[in-house]
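Hello,

Here is the structure you asked to see. Please open it alongside this email, and then read my notes below.

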Amino acid sequence: MGSSAEFFQHLMNGMTLGGIYALIALGYTMVYGILKFINFAHGDILMVGSYIGLFTFDAIRGQTLGPWTIVAFFIAMLAGMLFSAGLGMAIERIAYKPLRKATRLAPLLSAIGVSFILSNMAAWMWGTKSRKLEYPFDNTPLHIGGVSITPHQILILIVVIVMMVSLKLFVDKSRIGKAMRATSLDQDTAKLMGIKADRIIAITFAIGSALAATAGFLIALEIKVYPSMGTMTGLKAFVAAVVGGIGNISGAMLGGILLGLLETFGVALLGIPYGLRDTIAFVALIIILLVKPEGLLGKVEKEKV
Amino acid sequence: MLNFILLILIYTGIYALMAIGQNLITGYVGLLSLTQAGFFAIGSYVTAILSVTYGIDFWVTIPLAAIVAGFFGLVIGLPTLRLKGDYLAIATLGFGEIVRNILNNWDKVTNGPMGIQRIPMISVFGVRVSPYEKWGFLVLVWLFVLVGYLLFERLAKSRIGRALEAIREDEIAASSMGINTTRYKVWAFVFGAAIAGVAGSLQAEFILSVTPGAFTFMVSIMVLCMVVLGGMGNFKAVILGAFLIQFISYFPQLVGLSNVIPPQFKQILFGLILVIMMIWRPQGILGRQKRIAPGSFFRKGGRS
């Protein structure tokens with residue numbers, strides 16, 4: 001394998017990983033943009049979504065691989081997304097909404113509580129053993145000019161790109177998207193203009209949670225599903241959101257991809273031991289907070305009295 | 001049965017130390033730190049490594065545990081505390097995971113997932129305080145709690161404590177009054193870390209072994225629950241919180257139902273405590289300590 005083929009190989013792996021981070025980061029950044037708070041339970045919503053997707057797929061896939069298993073895969077993904085969207089909205093309604101006017105600390109603590117409840121409920125109901133998603137189609141790697149690409153990676157990239165483009169179009173072009181941007185800019189003024197801010201916040205949670213469920217289902221395809229899977233993944237996606245500039249949708253996409261590439265190339269080229277791969281994200285977080293705290297695409301906000 | 005109650009009280013004491021530290025950071029300065037488990041682990045391992053590998057006496061290792069934990073508090077606090085509080089939660093959470101990651105992987109020093117066993121017991125003037133003699137150990141632990149309580153209570157009532165509360169109430173106003181907010185926040189963080197290091201040291205001596213598995217995120221959550229349940233900004237309240245959380249934690253064993261009640265139940269309960277307290281009683285069971293102006297004992301204290 002030539003060194004340029006090797007480079008493209010890592011690029012490909014990094015892009016798939018980064019795409020998944022980006023999908024999760026979007027949820028953090030959208031909620032932060034509107035409510036200015038970190039939804040700690042986001043990673044656990046992802047976990048629940050992956051479980052629901054996995055169960056649905058197992059229930060409907062049948063035994064033989066074929067066109068139906070691919071359709072079933074997407075149906076299962078949709079089921080996970082819908083469930084997570086509902087869950088995200090319910091959590092917002094029960095645990096965060098009563099705390100909108102409270103101190104800054106209150107919703108954060110409540111979110112940590114929710115995260116802990118979700119992951120332990122999952123461990124109790126579904127067991128701590130990790131589960132593997134059955135392949136929806138043959139996963140023999142394709143070799144293109146010395147680079148080996150698995151069909152799963154192609155699927156992940158397609159799903160990620162479709163999700164990101166449709167989200168970007170939705171936020172930029174649709175009426176609800178416009179209302180979302182208005183609410184994030186200034187909630188009170190948006191309310192005066194007749195925007196139902198509470199509904200917009202609920203929709204934001206629903207979309208963010210659905211994207212997280214998608215990401216979780218894609219992770220299930222590549223790795224595994226277990227009750228604490230959301231913690232580390234969620235943390236890294238949050239770092240991605242901060243790197244890109246929290247509150248900024250394009251920033252979250254950029255940050256996610258960058259983090260994915262950084263992790264892959266960090267292990268492959270810089271020789272960072274694999275066991276310390278998870279540390280890369282936190283070092284990146286600390287560096288970005290020191291050098292450019294507003295993130296790559298974020299705006300500098302002066303704190304006013 | 002009595003032995004079991006003593007065990008709960010010893011753990012209450014060890015966790016009360018951590019909760020006192022967490023209270024200074026979260027209750028007084030209003031910062032959300034999620035890494036008491038990390039500092040706890042550092043304290044434990046300092047004592048374990050120094051006493052087992054180098055044969056150093058416990059009484060020498062305990063201040064070192066506090067210093068090393070405090071130093072790590074400084075290292076993690078300096079870059080993150082200059083920024084808004086929310087980032088701190090994530091950075092500290094990450095730090096706790098990294099500590100456990102390193103303890104698991106740095107085989108040469110920490111012996112990996114196996115941990116370190118056969119830690120020598122504490123002796124006070126030649127008298128051995130064995131963890132099997134629960135009364136003695138109980139007194140020892142609670143002496144530490146008493147000293148920690150008095151020190152931190154004193155600290156909180158001093159000029160430093162007032163500065164910390166000013167930062168919590170309004171950081172911009174505080175800094176315009178000439179308070180170096182970053183410096184005070186970092187100090188609070190260092191003290192909070194150091195006392196968790198002491199707690200770790202005691203835990204190592206109580207169990208006589210250390211393993212990375214004992215310092216999960218759950219520990220940090222438990223400590224946070226103690227502060228939230230008792231009452232943020234009230235050191236007596238967080239000690240009460242420590243007792244309540246430990247009691248809940250051991251309740252299934254206490255009533256002999258540990259086979260029936262799955263281990264996740266108490267963790268779900270901790271999560272519920274956080275959510276429910278925030279919604280219905282954010283000040284905790286006892287509430288914040290009222291500040292009484294000096295020399296005006298009979299006048300009504302101002303709003304703290």
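The contact between the two chains draws on 33 residues from chain A and 31 residues from chain B. On the chain A side, three helices each supply at least two residues: α4 (105-126), α9 (229-244) and α11 (277-291). Helix α4(A) gives the most, with 14 residues. By class, the side of chain A that touches chain B has 25 nonpolar, five polar and three charged residues. Bear in mind that this is a predicted model. The predictor gives the complex an ipTM of 0.88 and a pTM of 0.88.

Now the core. The largest nonpolar core has 197 residues. Which residues have the most contacts inside it? They are A:Ala22, A:Val239, B:Ala19, B:Cys225 and B:Met226. The largest share of this core comes from helix α9 (residues 181-207) of chain B, with 15 residues. Take B:Met226 as an example to look at. Leaving out residues up to four places away in sequence, B:Met226 touches B:Tyr15, B:Ala19, B:Val238, B:Gly241, B:Ala242 and B:Ile245. Of these partners, B:Ala19 is also listed among the core residues with the most contacts.

Next, chain A by itself. Chain A has eleven helices and two strands. From the N terminus on, the order is α-α-α-α-β-β-α-α-α-α-α-α-α. The radius of gyration of chain A is 19 Å, close to the 19 Å that the globule rule gives for 305 residues, so chain A is as compact as a globular protein of that length. Its C-alpha atoms fill a box of roughly 60 × 45 × 40 Å along the principal axes. Of the 305 residues in chain A, 50% are buried. For contacts in chain A between residues at least 6 apart in sequence, 77% join residues at least 24 apart.

Helix α10 (residues 249-268) of chain A has 20 residues. From first C-alpha to last, α10(A) reaches 29 Å, close to the 28 Å expected at 1.5 Å a residue. Is α10(A) mostly covered or mostly exposed? Mostly covered: 14 of its 20 residues are buried.

Chain B comes to twelve helices and two strands. Read from the N terminus, its elements run α-α-α-α-α-β-β-α-α-α-α-α-α-α. Its radius of gyration is 19 Å, which agrees with the value near 19 Å for a compact globule of 304 residues. The C-alpha atoms of chain B fill a box of roughly 55 × 40 × 40 Å along the principal axes. In chain B, 49% of the 304 residues count as buried. Among its contacts between residues at least 6 apart in sequence, 76% join residues at least 24 apart.

Last, confidence. Chain B averages a pLDDT of 87, and 94% of the residues score at least 70. Where pLDDT is low, the predicted coordinates should not be read in detail.

Best wishes

Definitions and conventions
Residues are numbered from 1 along each chain as its sequence is written. Chains are lettered from A and ligands numbered from 1 in the order in which they are written. This is a predicted model: local features need pLDDT of at least 70, side-chain atom pairs count only at pLDDT 80 or more; totals for chains, interfaces and linings use all residues. Helices (H or I, at least four residues) and strands (E, at least two) are DSSP runs, numbered from the N terminus. The radius of gyration is taken over C-alpha atoms; the globule rule is 2.2 Å times the number of residues to the power 0.38. A residue is buried if 20 or more other C-beta atoms lie within 10 Å of its own, exposed if 12 or fewer, and partly exposed in between; C-beta atoms are placed from the backbone. Two residues are in contact if their C-beta atoms, placed from the backbone, lie within 7 Å. Ala, Val, Leu, Ile, Met, Phe, Trp, Tyr, Cys and Pro count as nonpolar, Asp, Glu, Lys and Arg as charged, and the others, Gly among them, as polar. The expected span of a helix is 1.5 Å times one less than its number of residues. A nonpolar core is a set of buried Ala, Val, Leu, Ile, Met, Phe, Trp, Tyr and Cys residues joined through C-beta atoms within 7 Å. pLDDT is the predictor's confidence in each residue, from 0 to 100.
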